[in-house]
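Here are my notes on this model, point by point. Please keep the structure open while you read.

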Amino acid sequence: MKIVSVGHSQRKFGNIANLFPKKLNYGLVRLGHHVYEFDDRETARGESLFKSSFGGTKKANRRFLEVCRNFHPQLVFLGHAEIISNQTIEQCRILLPDVKIAHWTVDAFYRPKNYRRF
């Protein structure tokens, strides 16, 4: 299965293998899936003039749709992807009508900020 995994993979500070998103992606690869890691925060920083994730959110959303258009995933796996908007997810569904979209979290739901984000 082709999977686009959207989340923070901390490439900026080195490829740290003990983070949960990395473990999840490594497990999917070991199961035989083709996983494309899309780091929304790093993409937003890279697309911003001042290297701030705030200034590059629109371009990061466009890059995400571009990845989906070119990669044709069967599953989009979202985790801590605050930069990807709901409108972008809707456009992804229109672009790829058969795609499954799932979200994972390891944050506590009793915190209002985490509940709203989910």
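1. Start with a side-chain pair. Glu 42 and Arg 45 are joined by a polar contact of 2.8 Å between their side chains. The model is predicted, so read this value as computed. Glu 42 lies in helix α2, which covers residues 40-47. Its relative accessibility is 23%, so Glu 42 counts as partly exposed. Look also at Ser 52, which is 10 residues from Glu 42 along the chain. The C-alpha atoms of Glu 42 and Ser 52 are separated by 9.2 Å.

2. Now turn to helix α1, residues 20-30. Which of its residues are buried? Pro 21, Lys 22, Asn 25 and Leu 28 are. These residues span an arc of only 125° around the axis, so they sit on the same side of α1. The face turned away from that buried side carries the exposed residues Lys 23 and Arg 30. Note that one lysine, Lys 22, is buried, whereas Lys 23 is exposed.

3. What covers the buried residues of α1? The cover includes three strands: β1 (2-6), β2 (34-38) and β3 (75-78). Just after α1, check the backbone at Gly 32, where phi is positive, at about 100°.

4. Next, the largest nonpolar core, which has 16 residues. Val 4, Val 6, Phe 38, Phe 64, Val 76, Ile 84 and Cys 92 touch the most other members. At least two core residues come from each of β1, α3 (57-71), β3 and α4 (86-95). Helix α3 gives the most, with 5 residues.

5. Leu 28 is one of the buried residues of α1 from point 2.

6. Last, the cysteines. How many disulfides does a search of the whole structure find? It finds 0. For Cys 68, the nearest cysteine sulfur is that of Cys 92, 3.8 Å away.

How values were computed
Residues are numbered from 1 along each chain as its sequence is written. This is a predicted model: local features need pLDDT of at least 70, side-chain atom pairs count only at pLDDT 80 or more; totals for chains, interfaces and linings use all residues. Side-chain values use heavy atoms; hydrogens and water are left out. Buried means under 20% relative accessible area, exposed over 50%, partly exposed in between (1.4 Å probe, protein chains only). Helices (H or I, at least four residues) and strands (E, at least two) are DSSP runs, numbered from the N terminus. The arc is that of the directions from the helix axis to the C-beta atoms. Contact means heavy atoms within 4.5 Å. A nonpolar core is a set of buried Ala, Val, Leu, Ile, Met, Phe, Trp, Tyr and Cys residues joined through side-chain atoms within 4.5 Å. A polar contact is a pair of N or O atoms within 3.5 Å; within protein, one must be able to donate a hydrogen and the other to accept it, and residues adjacent in sequence count only if both atoms are side-chain atoms. A disulfide is a pair of cysteine sulfur atoms within 2.5 Å.
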